[in-house]
Structure formats: C-alpha cells, structure tokens
Amino acid sequence: MPTRLLTRSVPFFNYRGAFAGQEEEFVRIFRDVLRRGAFIMQRDLEQFEANLASYLGVKHAIGLANCTDALVIALRAAGIGPGDEVLFPSHTMVASPSSIFFVGATPVPVDCGPDHLIDPDSVRRALTSRTKAIMPVQLNGRTADMDAIGTLAREHGLVIVEDSAQGLGSKFKGRFAGTFGVAGTFSFYPAKILGCFGDGGALVTDDDEIARKTLLYRDHGRNAQTGDVEMWGLNSRLDNLHAAILDFQFRDYQAIIDRRRALARLYQDLLGDVPELVLPPAPDSNPDHYDTFQNYEIEAERRDDLRQFLKERGIGTLVQWGGKAVHQFHALGFTQRLPNTERLFTRCLMLPLNLTLADDDMRYVAGGVREFYGRG
Ligand SMILES: Cc1ncc(COP(=O)(O)O)c(C=O)c1O
C-alpha cells in the first residue's frame, strides 16, 4: 500500500496530451485533407517525403506503413535473403530481427556496449562466411559508432541497413542517423519524437535502385506511371492523412529536439550526482554525438524497487521491450549469451521525457528518484 499521497501524476507517455497540445491545428489538417478526399498517395505525402529527404540530405525518402515494413523492404531491396546472416544488437525491438526473419535470412543477435548500442567487437566476433549485413539500431535517439561499423562492413563486404526507428535527427560526427548504410528506416509510431496518430514509417536511401524497388514494393509491385505490375509487392503505403500530420509537426522539428535536449540536461543537473545511477551521456558531452533523447534510458541499482517506489508516487517508467532483450525471448530460439545486454536488462529503466512535461514534472520525477536512494 502506498504510504503517502500522490502529489502529482507523471505518466510515462501522455498520448492524449500529444493531441491536445495542438488540437486546433490538427483538426484543421484533418478537415482539409478529408474535404479534399486526399487519402492515398496524394500531395501531402509527396510534400512530407520531399521535406524529409531535404532535412536528411538524401536523394530519396519514401513513406511506408511502418518501420517494420521499411526494414523488410530495405533488406529485400538490398538483396538479403535465404542463406544470409544479418547481425543486429539484441537490445532492440523484436521488429529489427523479425524483418530479417521475414526476408528468409537468419537474424544473429550481438551484444551492446556501455552506450546501450551495437558493440563493434561483438559484431566482429559474430562474423561468419554467411554474414551479409549489419543492422545497427540507433536506439534512444543516439547514433552508434558508425566509423567502427562502417570499417567492419567495408573489410568484410557487408551491407549496412540502419534501424533508425528511434533515431530521426540524431547524428554521429555531424551525419544523420539513417544515412550511413544502403538504406535507413524510421518509425512514426505515436510515441516517437515525430509521431502520427497511428502507424507510419519511412525508408531513406541515396541508391536509385533501392528507391525504385521500394516504390514498387509499397504499392503491390505496381509502376505508378504505367499501372503495370512489375514484381510481387505489398501494400505498405504511408496514409496521406498521417503524412499531412507529420509534415505539420516536422516544420518545428528542431524546436522539438531542442526541448528534448533541454529536458535531458535538466535530468543530468538533477540526478548527475546520484552514484547508484548511470545516466545517458549529457547533451554536448561528446562532440561526436548529437543525441535527440527519444528515450531517457538510465541504469539503476535496485531497479525494480525504484520502479515500484516511483509508481507509488504517480511516476510512470518503462523497461524497453517488456523487460527482455530479443535473444531472451525463448520462443524465438536464440542460444547466444550476451553478457553486457543481459546485465543491462537487470538495470535499465526509462524515465519520462516528452514534450507534454513541464520542468516541474521533471523535478518531481528526479525528487522521487533521489528520495528512493536517500539523497533527497
Ligand atoms: C528500434 C525499433 N525498431 C523497429 C521498430 C518498429 O517500428 P514500427 O512500429 O513503426 O513498425 C520500433 C518501434 O518501436 C523500434 O523502436
């Protein structure tokens, strides 16, 4: 039983708040798109794709139904299939390896480093003659060490397909996540930094042939000009209405990132001296990394007790993927042991960080954490 009254409620994510913040604008967009009857592959989608491509500095950005499809299509378009092994970090959503599975290839999980991202040494150890691709996952709005991954890929003739579902806007050495490999993918799931009111995703690439195939895959293999079916395809189009919503929010994307980084800075100021915690690197602490803080994932001693303590104070937290790394889901049949990832999953915890939070909410969360460790 809680022993004290809640003084406020800070849910981990506030889905209704994401709409309420700009309700009038969103309703105006709904009305405009619906009155035009512009539902599938219309100008709002084209506009959003053009803006996304120009922001990332890539030749092609193609809206898709979700990031999972984008990964499947990217792998398929890159020629990955049966007999191939694809290395991915086990600290990821199951969507990363399921995309590998669904093109008929073998997903091979590798360990993470202290930054919670793919560990290049673990990649090196997992290479075999069948390895064809690496799928780095740009988790939590942070980009992996793409120099090391790029070197490995070059040395061994491997393709890089980036799962940047959580990485839009984050950079490594000034280069955007999603632009390092033959293709990068993004998710616009509602809780993502750039989220729509349902599912959405995109694939970006500089490769004309991958772009051509992606346009065919997303629309039943049909050539948009001739209507001819040129190959087997899927239905994986980003709804025009979602594209309009995304494009509207994307206009202020830098302001969104700035606010998230300010919130991360605030957590750093409020919790940086608590020895029982490992915080994500503070914004600007490493010139190689520009982080967007899609998530604020800490490591915490006595993590489960801390979670319960915060819950009793009305504070929502989350352990990603329901508390297990991918290779720990028994039904999937993995046999690898990944010590860093396994240790991390006894300690990792995400504190609330989103645009519906006021600084006082953050102080309340941090106050709860400090109180738990007796450092109030
Ligand atoms: C790392 C990662 N990869 C892939 C996905 C799948 O994205 P979507 O839900 O758009 O299919 C997610 C979604 O949360 C994710 O976080």
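## Helix 11 and helix 13

The crossing of helix 11 with helix 13 is right-handed, a crossing being left-handed if the near helix is turned anticlockwise from the far one by less than a right angle, and right-handed if clockwise. In this predicted model, local features need pLDDT of at least 70 and side-chain atom pairs count only at pLDDT 80 or more, whereas totals for chains, interfaces and linings use all residues. Residues are numbered from 1 along each chain as its sequence is written, and side-chain values use heavy atoms, with hydrogens and water left out.

The axes of helix 11 (residues 303-312) and helix 13 (residues 359-372) come within 10 Å and cross at roughly 130°, and the two helices are therefore oblique to each other. Axes are lines fitted to C-alpha atoms, for helices over the stretch in contact, with angles running from 0 to 180 degrees between N-to-C directions; angles under 35 degrees count as roughly parallel, over 145 as roughly antiparallel, 65 to 115 as roughly perpendicular and the rest as oblique. Helices (H or I, at least four residues) and strands (E, at least two) are DSSP runs, numbered from the N terminus.

Helix 11 brings Asp-305, Leu-306, Phe-309 and Leu-310 to the contact, and helix 13 brings Val-365, Gly-368, Val-369, Glu-371 and Phe-372, where contact means heavy atoms within 4.5 Å. By class, this contact has six nonpolar, one polar and two charged residues; Ala, Val, Leu, Ile, Met, Phe, Trp, Tyr, Cys and Pro count as nonpolar, Asp, Glu, Lys and Arg as charged, and the others, Gly among them, as polar.

## Helix 4 and helix 5

Helix 4 (residues 67-77) and helix 5 (residues 95-102) have axes that come within 9 Å and cross at roughly 40°, and these helices are therefore oblique to each other. Helix 4 passes helix 5 in a right-handed crossing. Thr-68, Leu-71, Val-72 and Leu-75 of helix 4 meet Ala-95, Ser-96, Ser-98, Ser-99 and Ile-100 of helix 5, a contact with five nonpolar, four polar and no charged residues.

## Pockets

The largest pocket has a volume of about 670 Å³. On a 1 Å grid over the protein atoms alone, a cavity is a set of points where a 1.4 Å probe fits but cannot get out, and a pocket is an open set with protein on both sides within 12 Å along at least five of seven lines; lining residues have an atom within 4 Å of a point. Of the 33 residues that line the largest pocket, Gln-166, Tyr-189, Ala-191, Lys-192 and Trp-321 lie nearest its centre. Helix 4 gives the most to this lining, with three residues, and the lining divides into 18 nonpolar, eleven polar and four charged residues.

The second largest pocket, with a volume of about 460 Å³, is lined by 23 residues, of which Ala-18, Gln-22, Ile-193, Gln-249 and Leu-355 lie nearest its centre. Helix 1 (15-20), helix 9 (240-250) and helix 10 (253-271) each supply at least two residues of that lining.

## Cavities

The structure holds two cavities of 30 Å³ or more; grid points are joined across faces, edges and corners, and a volume is the space filled by probe spheres set on the points. The largest cavity has a volume of about 50 Å³, and its lining includes Ala-165, Gln-166, Lys-192 and Tyr-253. About 30 Å³ of space lies in the second largest cavity, whose lining has three nonpolar, three polar and three charged residues, among them Arg-142, Asp-284 and His-289.
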